Amino acid sequence: MIQIRLSGSGGQGLILAGIILAEAAVIDGKEVVQTQAYGPEARGGSSKAECIISDEAIDYPKVTVADVVLCLNQESYNKYGKDIHADGIVIVDTTLVREFENKENVLALPVTKTAVEGLGKAIFANIIALGAVVGKTGVVTKTAIEQAVLARVPRGTEELNRKALALGWEMAQKAC
Amino acid sequence: MSRVVLMQGNQACAEAALAAGVRFFAGYPITPSTEVAEIFAARLPRLGGKFIQMEDEIAGMGAVCGASLAGVKALTATSGPGFSLKQELIGYAAMAEIPVVVVNVQRLGPSTGKPTAPAQGDVMQARWGTHGDRAAIALSPTSVRETYDVTVHAINFSEKFRLPVIILLDEIIGHMREKIALPDPSTLRIIERKKPAVPSGEYLAYKPDDDGVAPLAAFGDGYHYHVTGLVHDETGFPAGSASITADLITRLHTKVYNAKSEITLFDEYFMEDAETAVVAYGGTFRSAMAAVKEARAKGNKVGLIKLITIWPFADEVVARAAAKVGTMIVPELNYGQLVGEVHRAANGRAHIVSLPKVDGGVFTPQEILSVLDKEVG
Amino acid sequence: MEQSVEKLLRTKHLAHIWCPGCGNGTVLAATVRAIEHLGLDQDKTVIVSGIGCSSRASGYMNFDTLHTAHGRALTFATGIKLARPELTVIVLTGDGDATAIGGNHFIHAARRNIDLTTIVFNNGIYGMTGGQYSPLTPTGSYASTAPYGHIERPFDIAKLAIAAGATYVARGSAYHTKMLADVIIKGIEHTGFSVIDAVTQCPTSFGRKNKMGAPAAMLEWQRDNAVTVEAAAKLTPEQLAGKFIIGELHRSEAPEYVAEYDKVIARAQKGAKK
């Protein structure tokens, strides 16, 4: 069983990223539960999506001890960045998380910067981050995540999103 | 063909309702139930059904009652504050015996409370929220897949027993997404309301058959019958004698209680050798299952009872378990509501421990496990 | 009463509950005559009412009839009409039922312009509960809950309905029974939300407290204070003070809700096939 927590602020597309990750797990034939927590506002505020992926039926639907944590802003790093399994991995977006402990299990990547510079829009940060999470951890297969991304994104943006996923994947691979 | 998909609880509820023949939705937007309305808004017109967002919660309830009397299966969805408002016409539907389904995705209250926080604080309201006396049917699922099945059951029960059936979702199950195998709709067992088998001149809309339920004609089918929230006789017209009043109010109970074994949906886990039992429902069941498995891994003989049917309460199930185990633990996301029913059903045969939680969070398995450890030890 | 009208009534359930001299029976009679005149299919006509003296009228009419909860008749009627558009749905309500507890439903049904005909039995008082003031009780009159005189201003049901979007609005009275039946006929014929403000008398709960005299005197008050739309056009506001205008007050064309929803169905089904 792998417990994944995607955190950041509202509007960064983290809940969509959680759904895509969960759908990739379904494609892989795994059991999966996805939940979220967010404030009442649609933009700003904190946002958190969780996925539990397992070969067996999942009882408790929330993350107890995270194996993978993604932090897309400083507040979420402060809250969840250290709340992790001993062998867990933390992925931080260095564009928005300035202060973090650069330990061995921390993968520091310029996610939002890459989105803006590589694809022209910060909104691709969530898909780049997904690429990085999967590239680093292999929680789902590369073909499943690609299929899941393409099934969810707006028509006409498939190529940009495919590219975003690849950018994240490569960044994570390079850093490994 | 069944399909394997990732689906949210609220979505499973809407999908099941469509599969079971619901073709009318009226409601008012409220977190955390809004997805149900949004899905119906998109899907119903494609099926030739009707969706309407009404001016308030009461209006949503009135419109589904009207649609049902016009012969169309109808459902509304809401959350705590809206459930309070709907009580007026839930009572009307009970008295006038109109089949409708009310989905209440529970959130923390009272009042506006915490709109996105899960809670199970409306279980007693589902039973007693409307004034007066009648039997209620309320079902509470523990997973996305079970939400699908429970919704089909709720629609079937409402049609079969001619009453408003309440689905008590909670924010956990309503908003959670899980991998589920969606059944092929053609394999579902769907119950339709009984239609009159007599010519219009002989039809009595409130003359029960042996099962305590009268056939229900649709408005527009030529039966010219009368529906009222006043005490009425079998013709449906107001009548107030003591015996007519007592017969009606009694029948509003017995038509449900006589079918209790059919309506009571539950499951038991590890109860064969259990010395301690957890009684759980809704989203809390998931935490309880994780806790019970851990307790058993430690060698403790702990069992688990899952109540899907909340009302009528599963007295026999609880009584049977109480005769066997020493202690029953009842975790609930409220200050302790259904535990009162467990007490009543156990009737002194077991030690009952209430485990309330009112902080807006869900139970962690550890929170239940620590109480289990204490009670077992 | 003529044979053809009689079959539209549940004669077995008459005598009615209304007090001697109450105008509700007159409004009911005008409604039934209108239905008879139009030759509406008895099987395809549904009568929906709320709570109060007026709302008992549904029980006396030989159709599918629905006596709902206080103020909620329009919500049930909306569900019936939308679920089964081929039915003619007529709503019988009182001034308190329609504009106090049911006021929100009233303005929104008008806004949607859903094809319902609403007949408001307007006696300006809560009769069934014994004479408490309603949103139509005139300022200065007495009610059991206004023992020192009523200080609130009343609604003008017709203006309220027009402002909210109703597309047929008329007023009649229990005295002008022929005209009342005529505007009910036109209201039912009209496609869209129709409101008939039927001014009627409550001798027991309003008349007595306000020294209006016998029921016949209350009818004479209606005769003497009603001004037709045509006559009113020639009068100054001063001359119209204290009078009420009867006749067809408003008629307009606007998209009707159920027809518009049929277009939604067509769009959704076209989209689904893509």
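The model is predicted, so local features need pLDDT of at least 70 and side-chain atom pairs count only at pLDDT 80 or more, while totals for chains, interfaces and linings use all residues. Residues are numbered from 1 along each chain as its sequence is written, chains are lettered from A and ligands numbered from 1 in the order in which they are written, and side-chain values use heavy atoms, with hydrogens and water left out.

**The two domains of chain B**

- Chain B is assigned domain 1 (3–187) and domain 2 (265–376), with bounds that come from an automatic or database domain assignment.
- Taken over C-alpha atoms, the centres of domain 1 of chain B and domain 2 of chain B are 26 Å apart.
- Their contact (heavy atoms within 4.5 Å) involves 30 residues from domain 1 of chain B and 25 residues from domain 2 of chain B.
- About 2,000 Å² is buried between domain 1 of chain B and domain 2 of chain B, and carbon and sulfur atoms give 60% of it; buried area is the accessible area (1.4 Å probe) that two parts lose on being put together, summed over both.
- Look for Gln120(B), Val123(B) and Thr142(B): they supply 30% of the area that domain 1 of chain B buries against domain 2 of chain B, more than any other three residues.

**What links the domains**

- Two salt bridges cross the interface of domain 1 of chain B and domain 2 of chain B; a salt bridge is a side-chain nitrogen of Lys or Arg within 4 Å of a carboxyl oxygen of Asp or Glu.
- Lys306(B) and Glu146(B) form a salt bridge through their side chains, at 2.7 Å from N to O.
- There are also 14 residue pairs in polar contact across the interface of domain 1 of chain B and domain 2 of chain B (both at pLDDT 80 or more). A polar contact is a pair of N or O atoms within 3.5 Å; within protein, one must be able to donate a hydrogen and the other to accept it, and residues adjacent in sequence count only if both atoms are side-chain atoms.

**Where chain B meets chain C**

- Here 40 residues from chain B are in contact with 41 residues from chain C.
- The two chains bury about 3,200 Å² between them, with 59% of it on carbon and sulfur atoms.
- Within chain B, Lys50(B), Glu55(B) and His224(B) lose the most area to chain C, together 21% of what that side buries.
- Three salt bridges cross the interface of chain B and chain C.
- Arg72(C) and Glu88(B) form a salt bridge with their side chains, at 2.9 Å from N to O.
- The interface of chain B and chain C also has 24 residue pairs in polar contact (both at pLDDT 80 or more).

**Helices and strands to find**

- Strand 3 (50–53), helix 3 (57–69), helix 4 (80–96) and strand 10 (226–228) of chain B each give two or more residues to the side that touches chain C; helices (H or I, at least four residues) and strands (E, at least two) are DSSP runs, numbered from the N terminus.
- Helix 3 of chain B brings the largest share of that side, eight residues.
- Strand 10 of chain B runs parallel to strand 2 (residues 64–67) of chain C, joined by three bridges; two strands pair if DSSP finds at least two bridges between them.
- His226(B) has Thr65(C), in strand 2 of chain C, as its bridge partner.
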